Amino acid sequence: MCSALLLAGCVTGSGRLETFRSLNNTPHGFQFVASPIRAGETAQRFEVRPGDCGQDDGWSDCANNRERSELVVGEKILPETVRWISYSIYLPSDFYSSPRVNTTIGQIHQKGGPTGTAGGLPSFPPLLQIDARGNRVDACLHILTGPENNIRDVCRNFSLTTVNAMRGRWTDVMVHLDSRGTGVLEIFLNGERKARSTGFIRFRPQEYYVKYGLYRSFVSRHGRPMPTQVAFYDEVRIGNDRPSVEISVDRAVD
């Protein structure tokens with residue numbers, strides 16, 4: 001049964017994952033739409049406008065130079081497990097990507113993990129971010145070292161594709177996370193492996209969890225208000241193996 005906290009994407013009796021909105025409750029920030037779709041009947045539309053910075057009891061995007069419209073997947077990923085994550089993303093033909101500000105389009109985050117600072121602001125590093133910046137789309141695998149409450153965070157970067165290649169079409173993203181030992185991570189785009197890394201887990205969080213949508217950090221670096229961004233997501237899945245998360249129009253989540 002869907003919890004009252006699950007404010008979006010909460011559909012009983014379908015294959016869609018239960019989710020809740022993260023630090024954005026604007027009506028334009030999230031909607032189900034009938035077009036474009038990757039499979040099934042609906043997709044999820046995200047929009048972030050200048051000034052779309054929410055807050056809760058533990059965090060303020062407005063105070064920390066961030067804007068977003070994201071969903072958090074309710075299903076948790078425990079350490080020392082093997083999980084596969086997939087989703088399809090559609091960037092409109094006029095999608096704007098700042099040359100100075102990262103727009104994160106997918107994350108594996110951590111609960112109860114190390115903390116520190118970034119750019120002089122509090123930081124709670126995720127494990128993985130997939131970012132668009134300028135024409136680049138890269139994966140940042142966060143390599144964390146040092147004291148757990150004053151962590152040093154360095155990206156291990158992998159080039160995945162370009163924003164131009166993603167505009168006006170669906171891109172299928174798949175991530176394989178084996179969090180046993182020191183970890184194995186693989187990232188696939190449209191079935192082709194684009195990145196593989198090992199030996200990156202130095203700390204054990206309580207759990208990992210997935211976020212997707214549009215999240216832009218250090219927005220003041222753009223030099224003026226960031227333009228509105230829109231993206232569509234469909235077929236978001238988490239499973240124990242690759243076949244369980246492969247995209248198939250014959251077994252759409254809705």
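**Contacts and salt bridges in the predicted model**

Leaving aside residues up to four places away in sequence, Val219 touches Asn65, Arg66, Glu67, Val101, Arg224 and Met226, where contact means heavy atoms within 4.5 Å. The model is predicted, so local features need pLDDT of at least 70 and side-chain atom pairs count only at pLDDT 80 or more, while totals for chains, interfaces and linings use all residues. Residues are numbered from 1 along each chain as its sequence is written, and side-chain values use heavy atoms, with hydrogens and water left out.

Val219 lies in the loop between strand E15 (207-217) and strand E16 (229-239); strands (E, at least two residues) and helices (H or I, at least four) are DSSP runs numbered from the N terminus. Val219 counts as buried because its relative accessibility is 11%. Buried means under 20% relative accessible area, exposed means over 50%, and partly exposed lies in between (1.4 Å probe, protein chains only). Between Val219 and Gly51 the C-alpha to C-alpha distance is 9.7 Å, although 168 residues separate them in sequence.

Lys211 is located in strand E15. With a relative accessible area of 6%, Lys211 is buried. Its contacts, not counting residues up to four places away in sequence, are Ser22, Arg68, Glu70, Leu71, Val72, Gly106, Gln107 and His109. The side chain of Lys211 makes a polar contact of 3.1 Å with the side chain of Ser22 and another of 3.2 Å with the side chain of Glu70. A polar contact is a pair of N or O atoms within 3.5 Å; within protein, one must be able to donate a hydrogen and the other to accept it, and residues adjacent in sequence count only if both atoms are side-chain atoms.

Side chains of opposite charge can pair when their charged atoms come close. The structure holds 17 salt bridges, each a side-chain nitrogen of Lys or Arg within 4 Å of a carboxyl oxygen of Asp or Glu. A network of salt bridges links Lys211 with Asp61, Arg68 and Glu70.

Arg38 and Asp172 form a salt bridge in which the closest N and O atoms are 2.9 Å apart. This pair links distant parts of the chain, 134 residues apart: Arg38 is in the loop between strand E2 (30-33) and strand E3 (43-48), and Asp172 is in strand E12 (residues 170-178). Arg38 is partly exposed at 25% relative accessibility, whereas Asp172 is buried at 17%.

In a further salt bridge, Arg136 meets Asp138 at 3.0 Å, N to O. Arg136 is partly exposed at 48%, and Asp138 is buried at 15%.
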